[in-house]
Amino acid sequence: MYEGRGKTMPTTAILDIDGTLVDTNYHHALAWFRAFHQHGEVLPIWRIHRHIGMGGDQLVESLCGERVERDKGDDIRAAEKVLYMALIDEVEPFVGARELIQELKEAGHAVVLASSAKTDEVDHYLELLDARDLVDGWTDSSDVESTKPEPDLVHAAMDKADNSEAVMVGDSTWDCEAAQRAGIETIAVLTGGFSEDELRDAGAAVVFRSIDELRKRVRETSLDGEATRELPRQA
């Protein structure tokens, strides 16, 4: 919490959407695999998955190098968009996702949903979570110049809440790195497919198996208004 405008203001909860609130990471990995394949680049899906959470403006070069980015990057990104949208109706929210938002609001936190996806994708997730009228704001690709692991998305979410005291909830190493660069803590979940060790090495203060477990143990985190305590590693 911090003192602002003469009163104590609760910490803002910045909730990553993809892989954290909704189960999209493997759909995205498959869509990227097919997009690369369409353009003559065959990559093992496990390598693509390790980059999910990184913005598409950086993912192609990170995986394939400068030449592929220069010659095919825009076409690969456009193909991934179409291929992912063909899968989006299969996406489901994680158990406890909406309940976490509601409980954080009831506890007095501002809640901002963070994504650098296009507006139509974010709109789909807002409807899926039934969260449009529940949250204080959300971000999409129009709010950021550089995507994760750059901190632009985190700063944009903080601006939406007009609060520099914030905590990130995310699922990927890229979430953790972006939050660290923005100077805030990350509470991580395993639902994006990254291991606890990877998330902690990237800067996560604490790691839970799922959003639902975070809900049940939120009082052990800084979202309870106290400093995060070091928790035992998950078995």
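## Exercises on a predicted model

Under the ring-pairing rule (centres of Phe, Tyr or six-membered Trp rings within 6.5 Å), the count comes to one aromatic pair. The model is predicted, so local features need pLDDT of at least 70 and side-chain atom pairs count only at pLDDT 80 or more, whereas totals for chains, interfaces and linings use all residues. Residues are numbered from 1 along each chain as its sequence is written, and side-chain values use heavy atoms, with hydrogens and water left out.

**Exercise 1.** Classify the ring pair of Trp-32 and Phe-36, and state whether each residue is buried or exposed.

*Solution.* A pair of aromatic rings is described by the distance of the centres and the angle of the planes. For Trp-32 and Phe-36 the centres are 5.9 Å apart and the planes stand at 35°, so the pair is tilted (under 30 degrees would be stacked, over 60 edge-to-face, and the rest are tilted). Finally, consider accessibility, where buried means under 20% relative accessible area and exposed over 50%: Trp-32, at 7%, counts as buried, and Phe-36, at 0%, counts as buried.

**Exercise 2.** Describe how helices H3 and H4 pack, and which residues make the contact.

*Solution.* Begin with the geometry: H3 (residues 56-64) and H4 (residues 66-85) pack at an angle of about 135°, with their axes 9 Å apart. That angle makes H3 oblique to H4, since angles under 35 degrees count as roughly parallel, over 145 as roughly antiparallel, 65 to 115 as roughly perpendicular, and the rest as oblique. Then list the contact (heavy atoms within 4.5 Å): H3 contributes Gly-56, Asp-57, Val-60, Glu-61 and Cys-64, while H4 contributes Glu-66, Val-68, Glu-69, Gly-73, Ile-76 and Arg-77. Sorted by class, these are four nonpolar, two polar and five charged residues.

**Exercise 3.** Determine how many residues of helix H8 are buried, and which elements they pack against.

*Solution.* Helix H8 (residues 173-182) is mostly covered, with seven of its 10 residues buried; among them are Trp-174, Asp-175 and Cys-176. The buried residues pack against strands E3 (12-16), E6 (166-170) and E7 (185-189), and against helices H7 (152-161) and H9 (196-201). After H8 comes Gly-183, whose phi is positive, near 85°.

**Exercise 4.** Locate Thr-147 and name the residues that Thr-147 touches.

*Solution.* Thr-147 lies in the loop between strand E5 (137-138) and H7, and at 9% relative accessibility Thr-147 counts as buried. Leaving aside residues up to four places away in sequence, Thr-147 touches Gly-55, Gly-56, Asp-57, Gln-58 and Ser-116.

Definitions and conventions:
Axes are lines fitted to C-alpha atoms, for helices over the stretch in contact, and angles run from 0 to 180 degrees between N-to-C directions. Helices (H or I, at least four residues) and strands (E, at least two) are DSSP runs, numbered from the N terminus. Ala, Val, Leu, Ile, Met, Phe, Trp, Tyr, Cys and Pro count as nonpolar, Asp, Glu, Lys and Arg as charged, and the others, Gly among them, as polar. Buried means under 20% relative accessible area, exposed over 50%, partly exposed in between (1.4 Å probe, protein chains only).
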